[in-house]
Amino acid sequence: MSVALATRTLLSVRDLHVYLGQSHVLQGVTFDVPEGGVTALLGRNGVGKTTTLRAVLGLVGAHGSVRLADEELVGKSTYRIVRLRVGYVPEDRDVFTGLTVAENLRLAERDAKPRYDLVYELFPELEERAAQRAGTLSGGQQQMVAIARALLNDNRMLLVDEPTKGLSPALVSEVARVLERLAELATVVLVEQNLGVVRRIARDAIVLD
């Protein structure tokens, strides 16, 4: 891991183990994420990057310690972790295909005043397509919806998993621009295979091996 520029650690992972079925996927993972900016989580396919994010969010059972500031996350339900202002952009977008863009966003509302102004500033196309069913959107547009859901709320940390996967070069550049803006608002933990994007926006990097 590179030397962190920030003095305060927001996320601290210690001796994290995760079993999926008979597979011991994470074996004693330990790292820190400094507050602010983008920290990239890198490694070969299948090393456990997505599982690490899911363990932080409580979506898979884990042993060890995951602390967000002074709060232990291991053992907490996902909804309780989300209420600690943690947002998640999943690898495969996971939009509700039968619902409209507006309905997808409405389901993600948590704060009393969702930040639709910010969402539509960054993704004006989503405002234009508010009444369109998400399942009829292109892959890039669905990725916009997935990121927008995390943007709606005032999160202190965002877990973003492979946001440029399968996108055209033009859309990759657009997503990188949005991630740069996100990093001004929250600490971002980014799983990304596109090293060009990582070099452009990440301040720190963690390599899983």
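User: Contact means heavy atoms within 4.5 Å; by that rule, which helices do the buried residues of α3 pack against?

Analyst: This is a predicted model, in which local features need pLDDT of at least 70 and side-chain atom pairs count only at pLDDT 80 or more, while totals for chains, interfaces and linings use all residues. Residues are numbered from 1 along each chain as its sequence is written, and side-chain values use heavy atoms, with hydrogens and water left out. Helix α3 spans 101-108, as a DSSP run (helices are H or I, at least four residues; strands are E, at least two; both numbered from the N terminus). The buried residues of α3 pack against α4 (116-122), α5 (124-128) and α6.

User: Which residues of α3 are buried, and how wide an arc do they cover around the axis?

Analyst: Buried means under 20% relative accessible area, with a 1.4 Å probe and protein chains only, and in α3 the buried residues are Val101, Asn104, Leu105 and Ala108. These residues lie on the same side of α3, because around the axis, taking directions from it to the C-beta atoms, they cover an arc of only 95°.

User: Which residue of β9 is the bridge partner of Leu41?

Analyst: Strand β3 (residues 38-42) pairs with β9 in the parallel sense over four bridges, where pairing requires at least two bridges found by DSSP. Strand β9 (residues 204-207) has Ala205 and Val207 on its uncovered face, whereas Asp204 and Ile206 make up its covered face. In β9, the bridge partner of Leu41 is Ile206.

Conventions:
Buried < 20%, exposed > 50% of the residue type's maximum accessible area, 1.4 Å probe, protein only. Contact = heavy atoms within 4.5 Å.
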